[in-house]
Amino acid sequence: MRKPIIAVDMDDTICHLVKRAIYHNNNEFPTHPLRYEDMFDWNSDHLRHPDSTMDIFFGRPGLYEELELFDEHVVEEMEKLHNAYDVIIVTAAVPKTVVEKWNWLQKHMPFIPADNFFTGKRKHLINFDLLIDDGPHNLLPAVQEGKKVLCIPHPWNLRAREEYAFPLMTSWKGAKERIDEILQS
């Protein structure tokens, strides 16, 4: 019997990317400080210093290896999920960040095998039963295809959360039990 497939995003789902990118941005461009609370859209060009391109903001060498865990429960809950389900990591990545993301995952969650690590932006094309993500551009297509989702709330998905009422997961505490309930409903 096939185990249900749980697809889990990395950035701002199991670790904090935007907060770390903001930290570096504010050190490098102190005349244009950013605040996490102001990140209401994926496109933050209008908020950043003109020299702080998307490649600089998200492409700093080593950035993806220094990210903090989402919370103190994420590793334990991910391991519980891994033991109960077929957990795959599905993360958007440009080629130069793939190794950093894999290194981060192996440091914090070495129980996730290489066969369960996927990179791609069009996550809805992958076969999964439930998606845990922060990106409305991933959650909405999954819902439209009849898949279950859990949204990690952040300022950039507030409008979509209000419009589509995605189920939310604000902490990883109790995630396994929550996912058990969702998959059984």
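Is Lys-123 buried or exposed? Lys-123 is buried, with a relative accessible area of 2%; buried stands for under 20% relative accessible area, exposed for over 50%, and partly exposed for values in between (1.4 Å probe, protein chains only).

## Basis of the report

The structure is a predicted model, in which local features need pLDDT of at least 70 and side-chain atom pairs count only at pLDDT 80 or more, while totals for chains, interfaces and linings use all residues. Residues are numbered from 1 along each chain as its sequence is written, and side-chain values use heavy atoms, with hydrogens and water left out.

## Salt bridges around Lys-123

Lys-123 forms a salt bridge with Asp-133, with the closest N and O atoms 2.9 Å apart. The term denotes a side-chain nitrogen of Lys or Arg within 4 Å of a carboxyl oxygen of Asp or Glu. Lys-123 lies in the loop between β5 (117-119) and β6 (130-133) and Asp-133 in strand β6, so the bridge ties together parts ten residues apart in sequence. Helices (H or I, at least four residues) and strands (E, at least two) are DSSP runs, numbered from the N terminus.

Asp-133 also counts as buried, at 1% relative accessibility. Together with Asp-9, Lys-123 and Asp-133 are linked in a network of salt bridges.

## Other salt bridges

In the whole structure, 13 salt bridges are found. One of them joins Arg-20 to Glu-66, with 2.6 Å between the closest N and O atoms. This pair links distant parts of the chain, 46 residues apart: Arg-20 belongs to helix α1, and Glu-66 to the loop between α2 and β3 (68-69). Arg-20 is partly exposed at 24% relative accessibility, and Glu-66 is partly exposed at 27%.

A further salt bridge, at 3.1 Å from N to O, connects the side chains of Glu-77 and Lys-80. These residues are three apart in helix α3 (residues 74-84), which means that about one helical turn separates them. Glu-77 is buried at 5% relative accessibility, whereas Lys-80 is partly exposed at 28%.

## The largest pocket

The largest pocket holds about 550 Å³ of space. Of its 25 lining residues, Asp-11, Trp-42, Phe-58, Ala-92 and Lys-121 are the closest to its centre. On a 1 Å grid over the protein atoms alone, a pocket is an open set of points with protein on both sides within 12 Å along at least five of seven lines, a cavity is a set where a 1.4 Å probe fits but cannot get out, and lining residues have an atom within 4 Å of a point. Grid points are joined across faces, edges and corners, and a volume is the space filled by probe spheres set on the points.

Helices α2, α4 (95-108) and α5 (136-144) each give two or more residues to the pocket lining, with the largest share, four residues, coming from α2. By class, this lining has nine nonpolar, six polar and ten charged residues. Ala, Val, Leu, Ile, Met, Phe, Trp, Tyr, Cys and Pro count as nonpolar, Asp, Glu, Lys and Arg as charged, and the others, Gly among them, as polar.

## The two cavities

Two cavities of 30 Å³ or more are found in the whole structure.
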